[in-house]
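Okay, thanks for coming, everyone.

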Amino acid sequence: MNTMYIGSGDISALMAGKQTQSHTALLQRFVSGVKPYYNAKASPIDACRAGTILEDRYLLTLPDNYFSQYVVQSKGMDVFKCSLDFAKIEGGKVVDFDELKTKSFSDYLELEPIKHDNDLLLSFLKKKHKSYYNQVQEQLYCTELESCNLVFLSVLSYDDEENYSRNIKEGEFIKVRVSRDEKVISAIKERGLIFQQIKDCYYDFQHEESV
């Protein structure tokens, strides 16, 4: 069943309380067999459209060995897979990646005073954006890497045409270097165990049916 996976975008729901609506929705999608399709560029929400358009523009700032929306499945627990916004590929392997998050210009200005202090940026990330932090930990688990970049990019306009033609400059984004956090990864794996067991049970049953 092609919906039996937990993607990097599902981690917030996975880590939510088991009685919450988001966690229940994740479980329902997981066993539904109906794979969701998202077209963010056609979203009526300005922030969603801007974020997706600016992803394409950010890619232009990276070297040629970076590839967008690169999918990696965990070797340890194959129920986990992640889509990397920008994966750096060398020798056919992922050696680094950037995860991009857009922020309104006013919110981005909060980070300006600490943009050169990675420790303070990490503290800000854990305090204000715990879901982002957990997401990249799942991605680090899937890729088996030791660290990655989480990138905050300022949104200067919500006009689609302006964003499609925007040339992103170095001072318009801030990179936070995030290292593996084995405690968080263990918690994610623990929460994902029941999903792994469901997947294993389903595929074992499917194999028995075909014999």
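Let's start at Ser8, which sits in the segment before helix 1 (helices are DSSP runs of H or I with at least four residues, strands are runs of E with at least two, and both are numbered from the N terminus). Ser8 counts as buried because its relative accessible area is 8%; buried means under 20%, exposed means over 50%, and partly exposed is in between, with a 1.4 Å probe and protein chains only. What does Ser8 touch, once we skip residues up to four places away in sequence? Its contacts (heavy atoms within 4.5 Å) are Lys81, Cys82, Ser83, Gln135, Glu138 and Gln139.

Quick housekeeping: this is a predicted model, so to speak of a local feature we need pLDDT of at least 70, and side-chain atom pairs count only at pLDDT 80 or more, while totals for chains, interfaces and linings use all residues. Numbering runs from 1 along each chain as its sequence is written, and side-chain values use heavy atoms, with hydrogens and water left out.

Now over to helix 2, where you'll find Leu26. Leu26 has 4% relative accessibility, so this residue is buried. Leaving out neighbours within four places in sequence, Leu26 is in contact with Asp10, Ala13, Leu14 and Phe195. Leu26 and Ile6 are 20 residues apart in sequence, and their C-alpha atoms are 8.5 Å apart.

Next up, Cys148, in strand 4, residues 147–155. Is Cys148 buried or exposed? Buried, because its relative accessibility is 0%. Cys148 and Asp96 are 52 residues apart in sequence, yet 5.9 Å apart in space, C-alpha to C-alpha. Asp96 is also among the residues that Cys148 touches, along with Phe97, Val136, Leu140, Val176, Arg177 and Val178, again not counting residues up to four places away in sequence.

Okay, pockets. The method works on a 1 Å grid over the protein atoms alone: a pocket is an open set of points with protein on both sides within 12 Å along at least five of seven lines, a cavity is a set where a 1.4 Å probe fits but cannot get out, and lining residues have an atom within 4 Å of a point. Grid points are joined across faces, edges and corners, and a volume is the space filled by probe spheres set on the points.

The largest pocket has a volume of about 1,600 Å³. Its lining has 37 residues, and Gly9, Tyr38, Gln69, Ser83 and Asp85 lie nearest the centre. Several elements give two or more residues to that lining, including helix 1, helix 2, strand 2 and helix 6. Which element gives the largest share of the lining of the largest pocket? That's helix 3, with six residues. By type, the lining splits into 15 nonpolar, 13 polar and nine charged. Here Ala, Val, Leu, Ile, Met, Phe, Trp, Tyr, Cys and Pro count as nonpolar, Asp, Glu, Lys and Arg as charged, and the others, Gly among them, as polar.

The second largest pocket holds about 210 Å³ of space. Among the residues lining this one are Tyr70, Val72, Gly92, Lys93 and Cys142. Strand 1 supplies the largest share, three residues, and the lining divides into four nonpolar, three polar and three charged.

Last topic: charges. How many salt bridges does the structure hold? There are 13, where a salt bridge is a side-chain nitrogen of Lys or Arg within 4 Å of a carboxyl oxygen of Asp or Glu. Take Glu99 and Lys101, with closest N and O atoms 3.5 Å apart. Glu99 is buried at 3%, and Lys101 is buried at 13%. Then there's Lys88 with Glu90, at 3.7 Å, N to O. Lys88 is partly exposed at 23%, and Glu90 is partly exposed at 41%.

One more to click on: Lys103, in strand 3. Lys103 is buried but has no salt bridge, and the nearest side chain of opposite charge, Asp107, is 4.8 Å away. For that, Lys and Arg count as positive and Asp and Glu as negative, while His and the chain ends are not counted. Among the residues Lys103 touches, beyond four places in sequence, are Tyr108, Phe124, His129 and Phe152. That's my tour, thanks!
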